[in-house]
Amino acid sequence: MGAYSTRDARSANARAFPIVIVGHVDHGKSTLVGRLLHDTDSLPDGKLDQLRSVSEKRGLEFEWSFLLDALQVERDQGITVDVTQIWFHTAQRRYVIIDAPGHKEFLKNMVTGASRAHGAVLVVDAKLGVSEQTRRHAYLLHLLGVAQVAVAVNKMDLVDHDQGRFADVEREITAYLGEIGIRPRAVVPVSARHGDNIDRRSAVMDWYRGPTITQALDGFARRPSPIDAALRLPVQDVYRLDDRRVIVGRIESGRVSAGDTVRLSPTGRRAQVAGIEDWNRNQPRQTAGAGESVALTLDEDVFAVRGHLLTAPEAAPAESRAVAVRVFWFDEEPLRAGRRMRARYGTADVDITVAAIERVIDVETLASGPATQVDRNAVAEIVLRSTQPLYLDKFADNPRAGRGVLMSDYRVVGGFIVERPLHGAGRNLTAVRTSVVRAEREARNGHRGAVFWLTGLSGSGKSTIANGTLRRLFDNGWQVQMLDGDNLRDGLNADLGFAREDRAENLRRTAHVARLLAESGVIVLAALISPYARDRAEARRIVGDGFYEVHVHADVEVCRERDPKGLYSLAASGQVASFTGVSAPYEIPVQADLVLDTTGAAPERSIEALVGYVGAKCGKSSADRHGGWGAVLT
């Protein structure tokens with residue numbers, strides 16, 4: 001939509017002032033937007049005539065909302081179901097409307113739109129007045145930090161342009177907005193169908209002396225630039241460029257420059273920014289700020305994956321395992337304490353549990369009270385707890401780094417903003433220092449403890465290689481243990497299934513066991529499919545130094561032919577659901593410490609390579625009574 005080409009639209013979007021227009025499905029929001037485009041001369045030439053012609057052919061009376069309702073399902077149902085971006089301009093500046101749905105079924109899309117807006121127009125029907133949906137949308141604007149709001153009291157033609165009726169609606173909506181901390185910049189009586197007080201003053205409502213809708217919008221100020229806030233750069237991905245590792249992502253707040261020292265959470269590693277890659281510039285780039293997507297090279301080859309966070313060392317968010325949040329719940333199934341889901345914020349994706357429902361807020365009366373569940377489209381204050389570290393700011397301090405969504409079965413079921421991180425709340429734990437430290441154990445063993453995490457498809461040879469390496473190392477005097485995925489699921493992890501959340505918990509528990517063994521000076525060979533990069537990254541974080549990811553690679557066709565456990569056959573017949581490599585994904589490691597390709601090689605070759613790699617990393621003493629390296633490598 002808009003009077004610009006696609007290229008012009010992209011250029012305008014970079015400079016345009018983002019607004020969201022919200023309101024009840026029946027209050028005329030789409031009509032107002034359509035009229036706004038027309039009255040500001042923001043439609044492509046001939047577009048209006050084309051739509052009038054289409055309406056006549058379909059036997060429909062032309063509606064301004066047809067300018068937005070491009071999807072057939074929207075015209076048939078008479079509702080807007082998605083978030084659409086539309087550009088228009090006034091004499092003062094360009095705007096991008098993030099057109100958000102009004103129907104309650106699509107509130108989660110409205111949240112997606114409003115979170116990016118610097119201002120909002122709240123549409124209220126003059127005849128029907130302030131509805132529950134109006135209050136709910138206003139409260140969402142409050143939750144998302146959209147403080148600049150103009151109210152359009154629409155359909156004034158249906159109340160004969162009555163000043164008294166307008167005054168009643170104005171008092172009601174102004175009082176409600178005031179209770180949630182929003183002072184409307186203007187409350188404007190409009191008739192979107194006829195263009196009254198949209199871009200030109202109404203001749204039939206000469207009693208109104210305030211601004212038109214476009215004048216009210218031109219009075220909005222841009223949000224303070226997040227460039228002055230603390231650096232928050234969520235890692236989107238890691239690429240290989242020649243022999244360099246390039247970390248890419250979008251800077252949510254702050255700035256970064258070549259030569260800066262940055263900290264990577266959750267690993268805690270620090271490094272200097274060696275350069276900011278830019279393939280469209282002749283000169284190397286020296287700095288970048290909030291809102292820009294960047295590709296960074298560091299002076300050290302640090303491990304990073306999607307979901308990690310780059311910050312300034314002195315201004316990193318505190319690590320917590322629980323956060324108090326305000327949530328807007330979308331799902332038909334009520335939210336109850338104990339429910340397990342996933343939380344997504346920035347590029348992070350972590351398992352969480354609802355630890356407590358503290359209170360539910362009535363958006364009609366704004367009263368709050370205790371509750372045992374959160375119903376659909378309700379707002380509540382809850383506590384989320386995770387076994388993984390959370391790096392979230394308070395929304396009030398940094399809106400871009402203090403909000404996220406809740407996911408269940410790959411669906412968005414809620415949106416949240418962070419009220420406060422909770423550090424150690426309700427845990428009452430005190431770490432006990434052992435009288436025998438790791439260095440003493442390693443000195444007695446004659447080698448360092450470490451974890452070698454073998455990941456790969458079923459049938460790639462992980463267990464075979466781990467078992468063979470175990471035998472070789474043990475026969476030569478090493479303290480070594482093997483952790484096999486199937487064996488663990490028969491005991492420690494017997495209560496877990498194969499859903500996404502269960503797989504993550506399976507690896508988390510295994511990583512903690514591996515860490516304890518490694519801290520005892522033992523070499524651990526962990527053989528698990530571990531298909532997701534973020535779960536392997538979490539295992540690396542748990543273990544810390546001495547974690548080595550070993551990718552046991554074999555093509556899926558080869559693994560299917562081998563099928564040592566008969567699982568591929570069961571998956572093909574539908575008896576095994578979510579089978580990695582067949583009906584569930586396997587994310588190939590891009591930063592593996594060692595790759596063993598077993599596609600056409602005998603297991604002994606990979607065992608030999610792994611034995612040598614363990615020896616190189618764990619440094620067994622040459623004075624050992626078993627003959628040192630010679631006995632290990634032969």
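Two strands count as paired if DSSP finds at least two bridges between them. Strands themselves are DSSP runs of E with at least two residues, while helices are runs of H or I with at least four, and both are numbered from the N terminus.

Before you start clicking, note that this is a predicted model, in which local features need pLDDT of at least 70, side-chain atom pairs count only at pLDDT 80 or more, and totals for chains, interfaces and linings use all residues. Residues are numbered from 1 along each chain as its sequence is written, and side-chain values use heavy atoms, with hydrogens and water left out.

**Stop 1: a sheet**

Select residues 261–265, which make up strand β11, and 309–311, which make up β15. These two strands run antiparallel and share 3 bridges. Now pick out Ser265: facing it in β15 is Leu309. Strands of a sheet pair through backbone hydrogen bonds, either parallel or antiparallel.

**Stop 2: aromatic rings**

Rings of Phe, Tyr and Trp (its six-membered ring) pair if their centres lie within 6.5 Å; planes under 30 degrees apart are stacked, over 60 edge-to-face, and the rest tilted. The whole structure holds 10 aromatic pairs. One of them is Phe88 with Tyr95, a stacked pair at 4.9 Å centre to centre and 10° between the planes. Both Phe88 and Tyr95 are buried (buried means under 20% relative accessible area, exposed over 50%, partly exposed in between, with a 1.4 Å probe and protein chains only).

Now jump to Tyr548 and Tyr613, an edge-to-face pair with 6.0 Å centre to centre and 90° between the planes. This pair links distant parts of the chain, 65 residues apart: Tyr548 sits in strand β28 (residues 547–553) and Tyr613 in helix α16 (residues 603–618). Are these two buried or exposed? Tyr548 is buried because its relative accessibility is 16%, and Tyr613 is buried because its value is 14%.

**Stop 3: a cavity**

On a 1 Å grid over the protein atoms alone, a cavity is a set of points where a 1.4 Å probe fits but cannot get out; a pocket is an open set with protein on both sides within 12 Å along at least five of seven lines, and lining residues have an atom within 4 Å of a point. Select Asp351, Thr387, Gln388, Glu501, Ala504, Glu505, Leu507, Arg508, Asp535 and Glu538 to see the lining of the largest cavity. Which elements give two or more residues to this lining? They are β22 (379–390), α12 (500–519) and α13 (533–543). Helix α12 gives the most, with 5 residues.

**Stop 4: a pocket**

Finish at the second largest pocket, lined by 34 residues. Those nearest its centre are Ser458, Lys462, Asp486, Ile529 and Lys565. Colour α10 (462–475), α11 (485–489) and α12, each of which supplies at least two lining residues. The largest share, 4 residues, comes from α10.
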